[in-house]
Amino acid sequence: MATTPVIGIDFGNESCFIGVARAGGIEVIINDYSQRDTPSFVALTSKNRMMGTSAKNQIITNISNTVFAFKRLLGLRFDDPLVAEEQKHLPQTLVATPEGEVGFRVWYLGEEAVLGVRQIVAMLLTKVKDIAEAALECKVFECVLAVPYFFTDAQRRALLDAAAIADIQVLRLLNEPSAAAVAYGLYRTSTDLPNAEQPPRHVAFVDFGSSALQVAISAFHKGKVKMLACTFDSSLGGRSFDIAIAHQLAQGFNKPGSDVTKNKRSWIRLLAEVDKLKRQMSANISALPVNVECLIDERDFAAKMKRSEMEELCAPLLERVERTLRRCLAESGLKQEDISEIELIGGSTRIPAVKTLIEQVFGKPPSTTLNQDECVARGAAIMAAMLSPSFKVREFSLTDLQPYAISLSWGGEDVEHGEMEVFPKFHSVPFSKILTFFRKGPFVLTARYADPDVGQIHKSDTISQFHIQGVKPGAQGEAQKVKVKVRLNLHGVFQVVSATMMEKQGSSQSTSEVTSETANAETESMETETSTENQESSSDTTKMDTTEGESQEGDKTAAAATQSNHPKQIVKAVDLHVDSKTSSFTQQQIQELTEREAGFRSVDNQERDRIDSKNALEEFVLNIRGRVNDSDDLEAYIEPNVRDELVQMADSTENWLYDEGEDCKKNEYVEKLQHLQNLAAPAQQRKRDHESTPRAAESFAASLNRFKKAHMAYHAGDAAYDHWTPEEAKKLEVALAEKMSWLDANMSRVRSTLKTKDLPIKAAAFLSEQQAFESSMNPVLNKPKPQPPTPPAEAAQPGKPEDAANATPAAGEKMDTE
Ligand SMILES: Nc1ncnc2c1ncn2[C@@H]1O[C@H](COP(=O)(O)OP(=O)(O)OP(=O)(O)O)[C@@H](O)[C@H]1O
Ligand SMILES: [Mg+2]
């Protein structure tokens with residue numbers, strides 16, 4: 001059975017790469033424009049949407065409705081300071097959607113529309129899925145999506161929503177450098193990587209793309225990798241360099257009232273040229289030109305820059321690169337010499353000054369063992385294969401990390417406010433913990449980022465709120481023990497998985513543990529039991545049985561109280577309802593957006609059909625006019641008056657197509673095409689008949705000839721036919737005479753018919769006559785000859801004189817030959 005392929009998507013701010021795992025291995029898929037990367041662009045028009053390469057290609061003529069660089073906006077609230085920052089660089093107007101997320105105000109299908117970033121990302125993902133399905137010639141249902149380390153809970157949830165809207169199941173959100181680490185480690189054997197008992201090989205991954213810089217340090221052993229530390233600058237990327245260079249170059253060009261930085265179209269054109277210049281500067285040290293014709297107000301732009309000037313100009317950006325690199329080394333707790341290798345990922349690591357900084361910080365030059373553009377997509381595809389039950393992949397385990405510390409706070413009318421860090425920075429992911437609370441009523445837990453960075457960048461650090469419902473006091477009005485299981489899941493998303501109240505009943509028998517909790521009940525403290533989540537296993541229940549350290553005061557009290565002799569009680573575990581207020585869209589919202597996406601898709605399909613119909617009409621017009629005027633083609637077969645009518649109609653249709661027919665409904669093109677086809681059809685059919693019928697007649701003649709030759713051979717006494725009976729020979733003779741005269745008569749009818757007239761008899765009639773004749777006469781022609789009579793058995797007895805003639809001479813015996 002063929003294995004359904006799974007894909008890994010590197011959803012970049014500038015472009016996406018799609019890796020695929022299928023039976024043959026891991027590959028990168030080529031898109032509909034034969035490119036390995038698909039631009040992260042979505043364009044809206046009055047008729048349809050375009051995604052990927054086609055969207056990017058038309059940006060200059062549709063700037064306000066071509067959306068790009070939206071990865072940075074995914075999952076941000078509209079009031080996030082990053083949104084205002086991004087707006088400075090985007091030609092579209094950003095607005096708040098009713099759900100409070102960022103939306104693009106565009107002109108789409110003839111009216112103003114606000115499309116939320118989730119919808120836009122979903123559109124791009126549907127394109128990615130279509131590209132994969134077209135290349136693989138089968139449906140794709142599952143993927144692993146790569147995300148930057150710094151994506152917050154809200155951004156991760158937003159990406160999961162977008163994938164749901166695009167109807168693609170996400171097996172895992174995988175951090176981009178971790179995906180590269182998987183691609184790095186999977187194919188290495190014990191000769192490349194140390195065994196478990198040896199010290200690990202430390203590898204740093206530096207991913208510098210279009211919008212962000214990420215650095216990760218990892219520890220490899222054979223068959224596994226553990227991510228140790230990561231740092232990032234989430235607003236520093238290749239485009240930061242483009243913007244700095246373009247501003248600098250524009251300074252010498254701008255005039256009052258004619259400023260490229262203020263004109264959307266000019267600015268986008270300049271940035272595109274500067275991007276090319278920047279790439280060239282990576283390979284050249286001499287001054288390089290950048291020219292843009294008619295950039296603004298009919299003025300041509302011409303400037304030059306050399307690498308050293310760029311490095312000087314971008315020194316503040318390079319400093320940020322260095323800081324991020326150094327911070328990662330420091331936070332990993334390792335020294336320069338501990339790092340064996342530095343792998344480069346992303347297009348901006350090609351900047352020579354960045355490579356130099358990497359060498360300075362890590363004390364050795366970086367390497368590109370991996371394909372720096374494709375390794376994230378490949379690693380994601382490998383992870384998808386590892387998670388999909390239909391693949392058998394070499395054992396390789398990844399222990400990923402959570403970049404921000406997460407804390408949980410609680411409080412309420414009758415409860416003192418409290419807070420604890422549940423997952424410290426760099427805690428492994430996925431991971432579950434059980435927290436124990438003592439409560440008399442429902443309570444609220446608020447998860448937030450304890451890392452000050454998040455609050456500083458986003459002006460909010462709240463992740464989600466969880467309302468633990470159904471808690472009530474025990475029989476004596478005392479607080480009850482409530483166990484809350486929290487989890488950082490495979491996607492790096494924080495969840496409250498369950499809440500259970502350990503309700504005390506009666507006092508007959510119990511465990512000492514419960515006794516201890518009674519003693520502890522009034523303190524309202526919280527204890528934690530933690531357990532690592534085995535990444536290969538899917539069962540959480542069993543895993544939670546093993547508890548780790550990390551307990552707080554409550555545990556100690558419990559341990560002490562266990563020794564005393566309290567009355568025993570029965571404990572009933574009651575599952576509690578948890579109302580989670582997260583940033584994910586509700587099922588209903590997803591459903592609505594999925595339906596809207598399906599609607600957009602159907603509009604796209606209709607438009608594609610309409611364009612196809614228009615193209616078909618245009619093609620027919622151009623083609624038929626040439627054919628009816630070509631003496632080697634239809635000209636000979638069409639009546640002059642019909643030809644004139646057809647040519648006239650083709651001319652008028654062509655004019656119509658470039659005028660009012662430029663933009664019509666599909667059926668108008670179909671009707672016009674039908675009309676033209678009907679006019680041309682008789683001549684086309686005639687041409688086919690006039691060409692095929694003589695061929696069929698010749699084939700029949702050749703067949704009759706074959707039979708005739710056999711018949712003549714029979715009469716000449718040829719031994720090949722001497723087994724025919726006279727009746728059979730006669731039957732053949734009569735049939736031959738009849739068919740030959742039929743053939744002669746009809747061939748002459750065909751020959752005498754003008755090419756502009758329909759044939760009175762067609763190829764099919766000759767063919768069927770031939771078949772009928774052959775099936776009735778083949779039994780005569782192919783009649784098998786009778787077997788020669790077998791000699792009688794006694795004739796073979798040895799010693800008889802006649803034997804001598806047939807005997808084979810024994811070896812060495814002489815034999816007379818004539
Ligand atoms: N030779 C080069 N020299 C300098 N910069 C380059 C070179 N080649 C590509 N780049 C830059 O790399 C960036 C694109 O990198 P990449 O494709 O890794 O980004 P992305 O994955 O789409 O974005 P992100 O990772 O930020 O989401 C662009 O800014 C581009 O200018
Ligand atoms: Mg990238």
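1. Arg326 belongs to helix α9, where helices are DSSP runs of H or I with at least four residues and strands are runs of E with at least two, both numbered from the N terminus. Arg326 is partly exposed, at a relative accessible area of 41%; on the scale used here, buried means under 20%, exposed over 50%, and partly exposed in between, with a 1.4 Å probe and protein chains only. Its C-alpha atom is separated by 6.3 Å from that of Val361, although Arg326 and Val361 are 35 residues apart along the chain.

2. On the basis of the model: this is a predicted structure, in which local features need pLDDT of at least 70 and side-chain atom pairs count only at pLDDT 80 or more, while totals for chains, interfaces and linings use all residues. Residues are numbered from 1 along each chain as its sequence is written, chains are lettered from A and ligands numbered from 1 in the order in which they are written, and side-chain values use heavy atoms, with hydrogens and water left out.

3. After α10 comes Gly363, which has a positive phi near 75°.

4. Two of the covering strands, β13 and β18, run parallel and are joined by six bridges, strands being taken as paired if DSSP finds at least two bridges between them. Within this pairing, Val203 stands opposite Glu341 of β18, and Phe205 stands opposite Glu343 of that strand. Six of the seven residues of β18 are buried, so β18 is largely enclosed by the rest of the structure.

5. Which strand is joined to β13 by eight bridges, and in which direction do the two run? The partner is β14, and the two strands run antiparallel, forming a hairpin with four residues between them. Val206 has Val215 of β14 as its bridge partner. β13 is itself mostly covered, with seven of its eight residues buried.

6. Phe150 and Phe151 form one aromatic cluster with Phe232, Tyr404 and Tyr449.

7. Charged side chains also lie over aromatic faces, a relation that requires NZ of Lys or CZ of Arg within 6 Å of the ring centre and within 35 degrees of the ring normal. Lys71 lies over the face of Phe11, at 5.8 Å from the ring centre, and Arg439 lies over the face of Phe443, at 4.8 Å from the ring centre.

8. How many disulfides does a search of the whole structure find? The search finds zero, a disulfide being a pair of cysteine sulfur atoms within 2.5 Å. For Cys328, the closest cysteine sulfur is that of Cys230, and the separation of 6.8 Å is too far for a bond. Cys328 counts as buried at 0% relative accessibility, and Cys143 is buried, with a relative accessible area of 0%.

9. His491 is placed in the loop between β26 (480–488) and β27 (494–505), and His491 is buried, with a relative accessible area of 14%. Leaving aside residues up to four places away in sequence, His491 touches Arg156, Leu160, Val170, Leu171, Arg172 and Leu173, contact meaning heavy atoms within 4.5 Å.

10. For the protein as a whole, the model has 21 helices and 30 strands, and buried residues make up 50% of its 818 residues. Of the contacts with a separation of 6 or more, 69% are accounted for by residues 24 or more positions apart. The accessible surface comes to about 39100 Å², of which 50% belongs to carbon and sulfur atoms; accessible areas come from the Shrake-Rupley method with a 1.4 Å probe, and for residues only the protein chains shown count as cover.

How values were computed. Rings of Phe, Tyr and Trp (its six-membered ring) pair if their centres lie within 6.5 Å; planes under 30 degrees apart count as stacked, over 60 as edge-to-face and the rest as tilted.
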